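Dear colleague,

Please find the structure handed over below, together with its sequence.

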Amino acid sequence: MAFQSPKYIQQAGALQRVGDFAKDSFPHVQKAGVLTSARLRSRYMESMCQSVANPVVAEFSGECSRSNLHGILQKLQGQQLDYIIGFGGGKLLDMAKLVSCCCA
């Protein structure tokens with residue numbers, strides 16, 4: 001079963017508290033998968049990892065395709081993830097929702 005947080009958070013320091021926001025919405029969560037682009041990963045992953053313990057990161061290539069979905073799912077397979085964080089724009093967030101449903 002996939003859950004989506006009903007919160008939209010935009011505030012100073014929010015990136016460093018992503019894991020805390022997830023735990024507030026879903027207290028049972030432990031391990032996160034993070035779907036992001038290579039560019040955002042190189043710029044922001046260190047900040048995000050301050051509150052997301054041991055994230056499993058998969059990179060989104062920019063297109064919502066079956067082959068990209070399979071590549072992401074292979075990266076996340078067997079990781080026993082409790083939730084998926086999509087960090088990026090519209091297509092990436094659409095893919096994160098699909099990944100979340102497939103990993104459930």
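**Findings**

Gln80 counts as exposed, because its relative accessibility is 71%. The model in which this value was computed is a predicted one. Gln80 is found in the loop between helix 3 (66–76) and strand 3. Its backbone deserves a remark as well: phi of Gln80 is near 55°, a positive value in a residue other than glycine.

Three strands form an open sheet in the order 2-1-3, and their pairing is parallel. Strand 2 and strand 3 (83–87) are the edge strands, each of which pairs on one side only. From one strand to the next, the twist averages 25°.

The pairing of strand 1 with strand 2 can be described residue by residue. Strand 1 (residues 32–36) and strand 2 run parallel and are joined by four bridges. Thr36 stands opposite Glu59 in strand 2, while the bridge partner of Leu35 in strand 2 is Ala58.

Helix 2 packs on this sheet, where it touches strand 1, strand 2 and strand 3. The direction of helix 2 makes about 140° with that of strand 1. Together, strand 1, helix 2 and strand 2 make a β-α-β unit that is right-handed.

Where does Ser51 lie? Ser51 belongs to the loop between helix 2 (38–48) and strand 2 (56–59). Is Ser51 buried or exposed? Ser51 is buried, because its relative accessible area is 12%, which falls under the 20% limit for that class.

- The backbone oxygen of Gln16 is 3.1 Å from a polar atom of the Ser51 side chain.
- The backbone nitrogen of Val18 is 3.2 Å from a polar atom of the Ser51 side chain.

When neighbours within four places in sequence are left aside, Ser51 is in contact with Gln16, Arg17, Val18, Gly19 and Asp20.

The cysteines come next. How many disulfides does the count give? The count comes to zero disulfides. Cys101 is in no disulfide, and the nearest cysteine sulfur, that of Cys102, is 6.8 Å away. Cys102 counts as partly exposed, because its relative accessibility is 42%.

Gly90 lies in helix 4 (residues 90–103). At 48% relative accessibility, Gly90 counts as partly exposed, because the exposed class begins over 50%. Gly90 and Gln10 are 80 residues apart in sequence, and their C-alpha atoms are 16 Å apart in space.

With kind regards

Methods: Residues numbered from 1 in each chain as written. Predicted model: local features only at pLDDT ≥ 70, side-chain atom pairs only at ≥ 80, totals over all residues. Heavy atoms only, no water. Disulfide = S-S within 2.5 Å. Buried < 20%, exposed > 50% of the residue type's maximum accessible area, 1.4 Å probe, protein only. Helix = DSSP H or I, 4+ residues; strand = E, 2+ residues; numbered from the N terminus. Polar contact = N/O pair within 3.5 Å; in protein donor to acceptor, adjacent residues only side chain to side chain. Contact = heavy atoms within 4.5 Å. Pairing = 2+ DSSP bridges. Axes fitted to C-alpha atoms, helices over the stretch in contact; angles between N-to-C directions. Right-handed = clockwise from strand over helix to strand, strands pointing away.
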